[in-house]
Amino acid sequence: MARTFGALLAERRAALAGRDAELAALLGVLEPGGPLAAVVHGVAGSGKSALLRALRAEAAARGATVVAVDGRAIEPTAPGFLAAVGDRVASAAGPVVLVVDTAERLRLIDGWLRTELLPSLPERARVVLATRDAPGAAWRTAFGELLLVVPLGPLAPADACEVLRRAGLDEAQSAWVNRFTRGHPLSLQLAASAVRARPHAGEDAILPTVVQELAALYLDGLDAVTREALDATSVLRRVTLSLLGAVVPGESPQAAFERLAALPFAELGREGLVIHDTVREAVLALLRATDPVRHRAYRAAAWRQIRGELAGSRGAARWASVADMLALVEEPLVHEAFFPSSIQHYAVERARPADREAILAIAARHEPAAEIALVGAWWEAVPHAFRVARDPRGRVVAFTVLCELGDVPRRLLAEDAVCAPWRRHLADHPVGAGQQVLLARQALAHATGAAPSPCLAALLRDLERASLEAGPAVRRIYSLVRDDAQLAQIAPIGFEPLPGQRESVLLDLGPESVAGWVSRLAADDPALHETRLDGDGRELVLDGRRIALTKLECDVLAHLREREGRPVAREALLRDVWGYEWTGGSNVVEVAVSGLRRKLGDRAGAIETVRGVGYRLRAL
Amino acid sequence: MPLYLVPRTRAWLSEEELAAATDCLPAVNDAMRGDVRWIRSYVVAEEDGTFSGYCVYEASGPEALRRHGEATMLPTDAIKPVVATIVAAPDPEPAAAT
């Protein structure tokens, strides 16, 4: 029977040069008595994904079910991971291998993966992770000899030459390319493409950073249209047709997509096209430095498109758009919170019953007796609100208390003086029905108390993760700061002191929760995300666009905005905007709303029809 | 503040613990400012794979150093006041952990 194109593609993609020993070691997870889990680690471009592809093909050929996920395409929360994997592991009949690529993007759920997910998998399941850093002590302690660690170094010279030969280079070309790429797989790939395109380019073109230079060498050889598409998409986490259409409006998104997909450092994933991080960062840095105006224009166009996609998305698609927006956020505090860039020394996880003594001991080191008693009272009432940071030995070195307001018994809220300003503020500024309020009651470290420290930083990143995990309903987070310096640290992400309070602070995420908050943070140009209704000028400024309105449209919108998030009765609109009571058959309200929606364009959905009542405005 | 030498046998069980301690050093110094200043530690590998340290501090007194040991969860074998320093040559570049 003739082979299909798909089979050929799979075979080519699985072809691997020079990783025989590593592949054989990984396949050991399928052997009786072999390791239960394996971690492949190596720097960017070292060939981890290629090795995993070969593993998947070989494991499947041996009759195992392979469940593959990519950390870049998964919301870094427990529900997000479970949604991506589904029941494919649990429902597999025979041996099953869960393969997780780009696991460094899942550092926020590292503790959960290790302590909750893996132990809950069926006995026949094995797990293989690929990540940039070597697994920490927590993993090695948990699995001991049952964890296989496979470091990916450079390719051996003979293997590197084989890669270059397959890429079409002759022996002389292979020799000089391999001399400066030193076996780094991505560099080899880029160099091979560059040499094919410009066979006479000399070694003297090489700059100190080999990959960046190779990327530049390659990029110089690109045609202007492809180069512009690559520049434009360097501001994006992933490339989709809709995002391409927004950042490169002058040409067909499909054509631009196909051109980008053909590049040797682009890979088609579940969420779209992914440009290799190393190349993307090099292109982005070059663009930012040499053409800041174009860089800004691409960011603005991307922001508007993602903003529009966020407004209409739910579930996994919503996370994908939130992550797209996060990629535009340049505030390091936020970026680091969601995608920690360095290895974490402290494992953060939900507190266990046995941690009570350690938590109270930390409180006793830094707090007066009354406060220690309160920590005890919170532990009794909401033990699930406690999360701890453990040092590599497993000792509790810090803890936080974070929970939803509704989970805290009223008696405790009344008893705890810290909560009084929060409650007063909430009474004066209630949240809408269904919106959640989180209380970040405490964060203390054994050595340094409430002062900034690496273990508390790990816990605070976890707090942001928990806010994200709480879903699209989180409206507000109340917390505490020790002093002005601490407030200054968290002010860039939107925390502000409660009026008249020194220690109580508030982060209001807005009616669109995390999505809206991240959008505001990503808009570095205030005009970009400003929404302003100018009643006198009869003009709405939305995402930087100026939209002319009629007087009636302007008044209707102003009325709805004053009641944002709440249903407004049609009769109330007639009474307050038109100035007369219900008259029966008039359709003037419908006409005005229809005109408004038309002018709002892709944001028309912000005005919702509430059946049997009237209309409700969601955040513009 | 006077100078002290504090031997800490098998203070760190792994390289990760050592790295975590190094990470925390500025925060700990900041929290104990005025009482203890961690100057440097000479770390040696033990045969069982653990690491011991010979740590040099400025401190207001032994009691502050005991509190520092509790805060950092490190064993304190002894607290010895330094009575003289003989410098034959400045410290070379810090040695790697392994």
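How are H27(A) and H28(A) oriented to each other?

1. The model is predicted, with local features requiring pLDDT of at least 70 and side-chain atom pairs counted only at pLDDT 80 or more, while totals for chains, interfaces and linings use all residues. Residues are numbered from 1 along each chain as its sequence is written, and chains are lettered from A and ligands numbered from 1 in the order in which they are written.

2. In chain A, an open sheet of three strands has the order E18-E20-E19 with antiparallel pairing (strands are DSSP runs of E, at least two residues, and helices runs of H or I, at least four, numbered from the N terminus; two strands pair if DSSP finds at least two bridges between them). Its edge strands, each pairing on one side only, are E18 (567–569) and E19 (607–610) of chain A.

3. Helix H27 (residues 551–562) of chain A packs on this sheet and touches E18, E19 and E20 of chain A, its direction making about 70° with that of E20(A) (contact means C-beta atoms, placed from the backbone, within 7 Å; axes are lines fitted to C-alpha atoms, for helices over the stretch in contact, with angles from 0 to 180 degrees between N-to-C directions).

4. The axes of H27(A) and H28(A) come within 10 Å and cross at roughly 120°. The two helices, H27(A) and H28(A), are therefore oblique to each other (under 35 degrees counts as roughly parallel, over 145 as roughly antiparallel, 65 to 115 as roughly perpendicular and the rest as oblique). Asp555(A), Val556(A) and His559(A) of H27(A) make the contact with Leu573(A), Asp576(A) and Val577(A) of H28(A).

Definitions and conventions
Contact = placed C-beta atoms within 7 Å.
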